[in-house]
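Subject: Structure for you to look at

Hello,

Here is the structure I promised to hand over. Please open it next to this email; my notes follow below.

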Amino acid sequence: MHDIKKLLKKYVAGKCTPEEQRLIEQWYQQESDASKADTSGLPFEHLEKNIWQKVQQQTAAPAKRVAMHRYTLLRIAALLLLIAGAGTLMWMRRPVRENWQEVFAPKTQSLQLVLDDGTRVWLNAGGGMRYPAHFTGADRKIELLSGEMCLDVKQDPAHPFMVKSEQINIRVLGTVFNVRHYPQRNFLQVTVQQGKVAVPLAGKEVVLLPDEQVTVHTGSAAFSKASVDGTAINGWTTGKFLFNNERLDVIALSLENRYGIQISFADSSLAAYRITAGIETTDSLSDVLDMLCLANKLNCTANGQHIIFRKQIH
């Protein structure tokens with residue numbers, strides 16, 4: 001090891017590359033007291049002073065100063081550096097615990113937040129999500145617990161963004177998109193407004209482009225893909241509900257959370273009714289129900305906060 005002098009200087013100065021540091025540590029393990037390495041010029045006086053100060057600090061009673069051989073000092077210094085280096089390495093490689101937080105939007109009101117990476121999240125009324133205070137891993141992961149969210153994901157190709165909902169991990173490829181997850185109805189839906197996302201389903205990856213939507217009934221391998229108006233799906237983030245050929249049971253979920261009510265259907269076939277309508281989130285519940293009934297030949301009755309839709313009887 002003809003460059004030992006140069007490497008030792010770098011080691012003492014803390015400037016070794018990982019490969020050089022490994023060589024030095026291997027050398028140290030192999031060297032004996034008879035080592036012939038040329039170490040002239042190394043800062044032994046400085047090392048000796050530092051070591052002596054550490055000994056004095058850790059010893060209660062005054063200690064006698066004992067002259068030490070240059071190679072002994074070198075081994076002590078190298079050992080201290082080795083211990084410090086190992087400690088630093090263990091600290092750097094320690095498993096980092098992400099400080100996960102949960103947030104729930106109150107009934108009747110949506111909320112917005114900005115994640116650690118600059119990603120913006122809109123959480124619709126009644127929805128819940130988990131997210132780390134700081135992203136520390138190779139991936140950026142959050143979880144939709146229930147309800148509906150819209151995300152404008154900050155692009156970072158080195159750290160893919162993932163949204164977990166139920167047992168499905170949605171991989172985001174830089175986008176604005178919407179996720180709806182209503183566990184009470186085994187319903188998961190992903191809609192892309194801009195960009196692209198990938199959803200693993202039935203053993204393959206379903207890629208969604210703008211204005212494409214995939215609907216999954218959780219607990220089953222079946223899913224359906226459709227073309228929709230992605231901007232309309234996210235209309236609630238700007239104070240509007242824009243239903244474009246939307247199923248009535250999906251509309252009912254939005255209204256339940258917005259107005260703090262419960263909706264059911266006297267006839268189960270009503271759930272599949274397709275509705276096209278636009279309302280303001282500030283519209284009164286009675287105005288919204290009247291509009292839905294008049295436009296779709298429905299009746300509804302209220303029992304407290306429980307609304308029941310029925311078909312009109314001619």
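A residue counts as buried when its relative accessible area is under 20%, as exposed when over 50%, and as partly exposed in between. Asp249 has a relative accessible area of 15%, so Asp249 is buried. Keep in mind that this is a predicted model.

Asp249 has a charged partner. Arg247 forms a salt bridge with Asp249, and their closest N and O atoms are 3.0 Å apart. Arg247 comes out at 28% relative accessibility, so Arg247 is partly exposed.

How many salt bridges does a search of the whole structure find? The count is ten.

Start with Glu143 and Arg130. Their side chains meet in a salt bridge at 3.2 Å, N to O. The pair links distant parts of the chain. Glu143 sits in strand S5 (residues 140-152), Arg130 in strand S4, and the two are 13 residues apart. Arg130 is partly exposed, because its value is 24%. Glu102 belongs to the picture too: Glu102, Arg130 and Glu143 are linked in a network of salt bridges.

Next, Arg171 and Glu205. Their side chains meet in a salt bridge at 2.9 Å, N to O. Arg171 lies in strand S7 (residues 168-182) and Glu205 in strand S9 (residues 204-208), so this pair ties together parts that are 34 residues apart in sequence. Arg171 has a relative accessible area of 30%, so Arg171 is partly exposed. Glu205 is partly exposed as well, with a relative accessible area of 45%.

Where does Asn124 lie? Asn124 is in the loop between strand S3 (120-123) and strand S4 (128-132). Strand S4 is also where Arg130 sits. Asn124 is at 5% relative accessibility, so Asn124 counts as buried. Which residues is Asn124 in contact with, once neighbours within four places in sequence are left aside? They are Ala105, Ser110, Glu148, Trp236, Phe241 and Arg258.

Best wishes

Technical notes:
Residues are numbered from 1 along each chain as its sequence is written. This is a predicted model: local features need pLDDT of at least 70, side-chain atom pairs count only at pLDDT 80 or more; totals for chains, interfaces and linings use all residues. Side-chain values use heavy atoms; hydrogens and water are left out. Helices (H or I, at least four residues) and strands (E, at least two) are DSSP runs, numbered from the N terminus. Buried means under 20% relative accessible area, exposed over 50%, partly exposed in between (1.4 Å probe, protein chains only). Contact means heavy atoms within 4.5 Å. A salt bridge is a side-chain nitrogen of Lys or Arg within 4 Å of a carboxyl oxygen of Asp or Glu.
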